[in-house]
Amino acid sequence: MVNGGNEQGILEGKWAAEEFTDGIAPSQWTGSAEILRAFDKFGLPVQYAQCWVFAGVVTTILRALGIPSRVVTNFCSAHDTDTSCTVDIHFLASTGKPIKELNKDSLWMFHVWNDCWMARPDLPEGYGGWQAVDATPQEKSDALYRAGPASLRAIREGQCSLPYDTSFVFAEVQAEKCYWLVDAKKHVRLNEVRKNEIGRMIITKRPRAEVESGADEIMDITSSYKQTEMPQEKREEIASTLLAGHSSVLRAHQAVQSAKSDVRFDLRLPHCTPMGQDLTATLSMLNESGSVRSVKVCLRLSAAAYTGEQGRKIASETCTVDIKPGERYSVVLLCSVRDYQEKLKGELATFVVSTVARVAETGQVFTAMDDLHLKLPDVEIEMLEQPLLNEPFKAVLKVANPLPITLTNCSFIVEGPGLLSANKIACSDIPSRGIARVPITVTPWKDGERTIIAHFRSKQLQDVNGSVTLFVPSHL
């Protein structure tokens with residue numbers, strides 16, 4: 001009932017970039033209250049949501065009903081459309097360009113869902129506890145857009161036959177990347193299988209009591225979803241079961257395992273480049289043979305949505321290099337800030353780098369695709385006065401423009417439960433490398449630990465956030 005695809009649920013999802021003018025952009029929501037009030041008032045799905053908004057509202061509702069719930073983020077999350085537990089990515093062999101019409105599966109840079117704690121008397125003993133549920137409308141389950149509850153123990157053990165939708169969630173965290181090459185005659189060949197690139201890290205927010213005791217706020221729960229070293233026999237058993245209805249894929253999958261190679265490739269991307277700096281991607285090659293190897297390299301950088309949907313090509317590098325025996329050689333793709341600043345796809349500063357490298361002498365082909373992120377600036381919230389219950393105090397919102405252009409149509413949305421209701425504040429244009437400062441006045445009506453949340457957006461730069469936690473004493 002949280003997604004609007006089911007019987008006029010609470011939220012309507014939308015992923016098309018820059019098309020939120022008839023509603024609220026997903027990144028602008030600062031809490032569930034405003035969404036629930038709008039749904040209660042109009043009785044129609046509230047526009048718009050993406051995965052983190054669906055998950056936030058699910059958490060609010062489940063906790064209100066007394067069901068323990070937490071928000072879960074999976075980095076490099078597979079959307080497997082054909083229950084094969086593989087993500088099939090097709091490239092043009094000649095240029096390295098991904099073939100959009102063949103790439104039905106997708107790799108989300110991150111995906112957000114929920115865990116909820118419940119007994120599962122319908123499952124064998126021991127499969128109760130944390131269960132994965134997902135309100136984001138990805139695939140239908142029994143004719144409705146939903147997923148779960150799927151036991152985390154069942155997901156971890158690969159018990160994909162246990163209800164509900166366990167195989168789908170298993171694929172989100174455990175699927176294998178399969179790279180296919182399509183030549184000029186449209187012949188398709190499986191070139192490479194990567195086993196450990198999906199579900200790189202799965203996190204949630206640590207309980208407050210543990211944070212107050214000094215623990216980090218982010219809690220890594222990857223081991224609850226997947227085994228660090230799943231036995232190869234078990235992995236092959238699961239793959240054979242899930243690929244049973246995909247015999248041609250299974251045969252290709254088994255055949256590629258025996259491929260030989262003598263040039264070692266490594267695609268290196270920066271962990272996180274600050275917004276406003278140039279982007280780089282490096283393909284490193286090591287010739288481990290006893291002869292010269294001639295390698296044709298195609299590197300490509302495209303704007304992308306966090307769901308993996310690629311937009312326009314921003315930069316590319318194509319070259320042929322001769323590598324001597326034992327020699328290491330690197331090809332670098334450089335993209336300046338002026339090249340990418342106006343071509344970002346969607347609200348998040350995300351890109352996809354793809355590469356195809358072919359060794360002339362042996363026919364060895366290296367294929368890879370990975371995402372690249374820009375680190376956005378933060379909204380700083382500076383407290384100018386000590387907060388007191390029912391007394392106004394002053395604070396300042398600050399944000400820096402990291403781009404070599406002026407930011408226009410600027411505004412902040414600021415909210416603080418028990419402090420102030422959601423409020424939109426206009427802001428003047430921010431010149432290149434400039435800093436905006438906007439004063440606010442806050443009057444707490446609830447005491448205790450409180451948080452102010454601020455969101456900044458402009459025509460050129462969106463999804464800039466910040467928060468500050470403060471304590472409001474009950475009396476002097």
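Let's start at Tyr164, in the loop between α3 (152–157) and α4. A cis peptide bond joins Pro163 to Tyr164, with omega about 0°. There is another cis bond, between Gln47 and Tyr48, where omega is about 5°. Tyr48 sits in strand β2.

A word on the source. This is a predicted model, where local features need pLDDT of at least 70, side-chain atom pairs count only at pLDDT 80 or more, and totals for chains, interfaces and linings use all residues. Residues are numbered from 1 along each chain as its sequence is written, and side-chain values use heavy atoms, with hydrogens and water left out.

Now confidence. pLDDT is the predictor's confidence in each residue, from 0 to 100. The protein chain has a mean of 89, and 92% of its residues reach 70 or more. Helix α8 (residues 247–256) is lowest, at a mean of 54. Strand β6 (residues 129–134) is highest, at 98.

Back to α4, residues 166–174. Of its 9 residues, 8 are buried. Buried means under 20% relative accessible area, exposed over 50%, and partly exposed in between, with a 1.4 Å probe and protein chains only. Among the buried ones are Phe168, Phe170 and Glu172.

Next, helix α2, residues 51–64. After α2 comes Gly66, with a positive phi near 90°.

Aromatics. The whole structure holds 13 aromatic pairs. Rings of Phe, Tyr and Trp (its six-membered ring) pair if their centres lie within 6.5 Å; planes under 30 degrees apart are stacked, over 60 edge-to-face, the rest tilted. Trp15 and Phe54 are stacked, because their centres are 6.4 Å apart and their planes at 25°. Trp15 is in the loop between β1 and α1, and Phe54 is in α2, so the pair ties together parts 39 residues apart in sequence. Trp15 is partly exposed, at 26% relative accessibility. Phe54 is buried, at 0%. Phe265 and Phe366 also stack, with centres 5.0 Å apart and planes at 15°. That pair links strand β14 (residues 263–268) to strand β21 (residues 365–375), parts 101 residues apart in sequence. One cluster takes in Trp15, Trp52, Phe54, Trp108, Phe110 and Tyr306.

Strand β4, residues 86–92. Is it enclosed or exposed? Largely enclosed by the rest of the structure, because 6 of its 7 residues are buried. β4 pairs in the parallel sense with β10 (residues 176–182), over 7 bridges. Pairing needs at least two DSSP bridges between the strands. Thr86 has Glu176 as its bridge partner.

Asp142 is not a glycine, yet its phi is positive, about 50°. Asp142 lies in the loop between β7 (140–141) and β8 (144–145), and is exposed at 64% relative accessible area. Asn409 also has a positive phi, near 50°. Asn409 is in the loop between β23 (393–400) and β24 (410–416), and is exposed at 59%.

Notes: Helix = DSSP H or I, 4+ residues; strand = E, 2+ residues; numbered from the N terminus.
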